[in-house]
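Have the viewer open as you read.

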Amino acid sequence: MATLADYGPEVRAEVKQVREVVSNLHQQLIKWNLVVWTAGNVSQRLHTADLMVIKPSGVRYENLTPNSMVVCDLEGNVVDGSEAPSSDTASHAYIYRNMPDVYGVVHTHSTYATAWAATGQNIPCGLTMMGDEFGGPVPVGPFRLIGSEAIGKGVVETLKKYPKSPAVLMQNHGPFTIGKDAEGAVKAAAMTEEVAHTMWAARQLGDIIEIDQADIDKLNDRYQNVYGQH
C-alpha cells in the first residue's frame, strides 16, 4: 500500500495546501448552520495525483486541524493520516472516479434540505436563484445505506439526470454537493439549505409557482457565464 512518502515533492506540497483548505472549510459548515456535533464532511481532490483529502471520522469540528485531515487514494485507501477517514470516504472516492471534473464534495445534514430528503421530494424551482445555482429543481437521489460506495453511486446516477445541479438530496439521509473545488461544494451546500428553507416557507403560504424551464435555462446561463468577476 502506497504512503505519502512514495509521492514526489509536488504532490506532497499540494497535500499540505489542500489539508489547510479542507480543514478551514469545515468551519464554514458550522458558520452556515449546516451541521451539528460531528456530522458532515468536506473533501477535495488533488490535481497532481489521484488522491483526496477528507475529514476524519467522528472528530468534533473544534478539534479539526490541517494535520488531522486524512489523505486517501480514489479507492478510499488511507495514504496518510493518523485518524480513520470519514464513513463517507468510499462514496466521495466513487464520485471523483466517475465525475472527473469534480474536485470538491460536501455532505451535510442541514435541517431543511434533509427534511425534503426525508419526504423524498425534489425542491421545486420556484426562485430565480435556484435557476442560477441549480438549473432547475434540487433533485432527490435514491435511499442507500452508509458505509460503502453505494451513496456515491446514487449521487452520480442522479446528477446524470440533472447535469446542471451541484446538489443531490439523498433520500432519508441528506444533501451531497459537488464543485470544481471544495469551496465550490461548500457554497452549493449553503445554497441548498437556503433554498430548501425558503421553498418550505413558501409552501406554508400556498402553492409554489415553478419557473418555466426555458426561463431557468436563461437564468442559469447568465449566472454561470456573465455574473460576477471574470
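## Strands 5 and 8

Strand 5 (residues 104–107) runs antiparallel to strand 8 (residues 174–179), and four bridges link the pair. Within this pairing, Val105 sits opposite Ile178 of strand 8. Keep in mind that this is a predicted model.

Zoom out and you get an open sheet of eight strands with mixed pairing, ordered 4-3-2-1-5-8-7-6. Strand 4 (78–80) and strand 6 (140–141) are the edge strands; each has a single partner, so one side of each has no neighbour in the sheet. As a general point, sheet strands pair through backbone hydrogen bonds, parallel or antiparallel.

Helix 6 lies across strand 1 (41–45), strand 5, strand 7 (167–170) and strand 8, and its direction makes an angle of about 140° with strand 8.

Which residues of the largest nonpolar core touch the most other members? They are Leu29, Val42, Leu46, Leu51, Val53 and Val106, out of 25 residues. Helix 1 (9–31), strand 2 (51–54) and helix 6 (182–205) are the elements giving two or more residues to this core. Helix 1 supplies the largest share, with six residues. Apart from this core there is another one of 20 residues, including Ile95, Val155, Leu159 and Phe176.

## A look at Val42

Leaving out residues up to four places away in sequence, Val42 touches Val22, Leu25, His26, Leu29, Val53, Ile54, Lys55, Val105, Val106, Ala182 and Val186.

Key: Residues numbered from 1 in each chain as written. Predicted model: local features only at pLDDT ≥ 70, side-chain atom pairs only at ≥ 80, totals over all residues. Heavy atoms only, no water. Core = buried A, V, L, I, M, F, W, Y, C linked by side-chain atoms within 4.5 Å. Buried < 20%, exposed > 50% of the residue type's maximum accessible area, 1.4 Å probe, protein only. Contact = heavy atoms within 4.5 Å. Pairing = 2+ DSSP bridges. Axes fitted to C-alpha atoms, helices over the stretch in contact; angles between N-to-C directions.
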